[in-house]
Amino acid sequence: LAALVHPDFDPQSLDHDLAIVIVEPTLAVEPLPFATALDAAPGSTIRVVGYGWTVANDTSGPQRRTGTSVVDSIDELRLVSHASPSQACEGDSGGPALVGDHVVGVASSGDPSCMQVARHTRVDVHADFIGDVLARSAVGAAGAGERCWYDANCAEGACLPALDEPRWSFCAPACDGGCPDGLACIDARCRHAAPSPGAEGAPCASDADCAGGMCRSPDDGAARVAMALGTNVPV
């Protein structure tokens, strides 16, 4: 349904290289718990899982594999490891690094030969982001006018795309008895009038508030609003 990228992700440095994919219906597997405190240290063993290459330029079909690596170093954002005897490779990005049954890292990058080093984004330092997304996307978690991703996510009403921004959806209960503040009765549903949150022209505080991914001031000194990527703004 959606992939929510960490708001501080940097595609150049790969800092905060983490995203959460929301699916519906719910997968028929019990999710593993994620670490909120790091239970690993240099020299310790982690288990890696993925569907990627076994060697550089592997042409075989995807297959889930698992093996162990040894942690070389830990910085404020990453676990760095080497094969012992296994290592994450191309196509394994997003796969877990496990200590016991807890996810401690998410595969991010490594050397082109898949022989020397692999880097996993630490989960514990991103636990607040993960917990927030999981809480907001849970069944029944979203109230009237709040962002949603599937109908059962809403405490009441349907999860409908915004009238002016189809990439974002909001819970829209029936207008019976009136609508909460900030919503208008439109086609018998309580909905956001334009500009809806995240739509072009809506007030914003950061890029994460915008469906188009850009929160800028259209004029020097003016309040920041959501803009479409590629919009020219004064510099």
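A salt bridge here is a side-chain nitrogen of Lys or Arg within 4 Å of a carboxyl oxygen of Asp or Glu. These legends describe a predicted model, in which local features need pLDDT of at least 70 and side-chain atom pairs count only at pLDDT 80 or more, while totals for chains, interfaces and linings use all residues. Residues are numbered from 1 along each chain as its sequence is written, and side-chain values use heavy atoms, with hydrogens and water left out.

**View A. D15 and R78 meet in a salt bridge.** The closest N and O atoms of D15 and R78 are 2.4 Å apart. This pair links distant parts of the chain: D15 belongs to the loop between β1 (2-5) and β2 (19-22), R78 belongs to strand β5 (residues 78-83), and 63 residues separate them. Helices (H or I, at least four residues) and strands (E, at least two) are DSSP runs, numbered from the N terminus. Buried means under 20% relative accessible area, exposed over 50%, and partly exposed in between, using a 1.4 Å probe and protein chains only. D15 has 24% relative accessibility, so it counts as partly exposed, whereas R78 has 14% and counts as buried. Look for D75 too: D15, D75 and R78 are linked in a network of salt bridges.

**View B. Two further salt bridges are formed by D132 with R136 and by D207 with R216.** The model has 6 salt bridges by the rule above. For D132 and R136, the closest N and O atoms lie 3.0 Å apart. Both residues sit in helix α1 (residues 127-136); they are 4 residues apart, which means a separation of about one helical turn. D132 is partly exposed at 38% relative accessibility, and R136 is partly exposed at 35%. The side chains of D207 and R216 meet at 2.9 Å, N to O. Partly exposed again describes both ends, with a relative accessible area of 34% for D207 and 32% for R216.

**View C. The backbone has cis peptide bonds at P85 and P195.** Most residues other than glycine have a negative phi, and most peptide bonds are trans. The bond from S84 to P85 is cis, with omega near 5°, and P85 is placed in the loop between β5 and β6 (96-99). The bond from A194 to P195 is cis as well, with omega near 0°; P195 lies in the loop between β13 (189-191) and β14 (214-216).

**View D. C114 and D187 are non-glycine residues with positive phi.** C114 has phi of about 60° and is found in the loop between β7 (102-110) and β8 (118-122). D187 has phi near 55°, and its place is in the loop between β12 (184-186) and β13.

**View E. The charged end of R147 sits over the ring of W168.** The distance from that charged end to the ring centre is 3.9 Å. A charge sits over a ring if NZ of Lys or CZ of Arg is within 6 Å of the ring centre and within 35 degrees of the ring normal.

**View F. C148 and C159 form a disulfide, and another joins C154 to C171.** A disulfide is counted when two cysteine sulfur atoms lie within 2.5 Å, and this rule gives 6 disulfides. The sulfur atoms of C148 and C159 are 2.2 Å apart. The torsion about their S-S bond is about 105°, so this disulfide is right-handed. The pair links distant parts of the chain, with C148 in strand β9 (residues 147-148) and C159 in strand β10 (residues 158-161), 11 residues apart. Both C148 and C159 are buried. C154 and C171 have an S to S distance of 2.1 Å, and their link is left-handed, with -95° about the S-S bond. C154 lies in the loop between β9 and β10 and C171 in strand β11 (residues 169-172), so the pair ties together parts that are 17 residues apart in sequence. C154 and C171 are both buried.

**View G. A disulfide links C175 and C185, whereas C210 is in no disulfide.** The sulfur atoms of C175 and C185 are 2.1 Å apart; the link is right-handed, with 115° about the S-S bond. Counting bonded cysteines along the chain, the disulfides follow the pattern 1-2, 3-5, 4-6, 7-9, 8-10, 11-12. For C210, the nearest cysteine sulfur is that of C204, 3.8 Å away. C210 is buried, with a relative accessible area of 5%.
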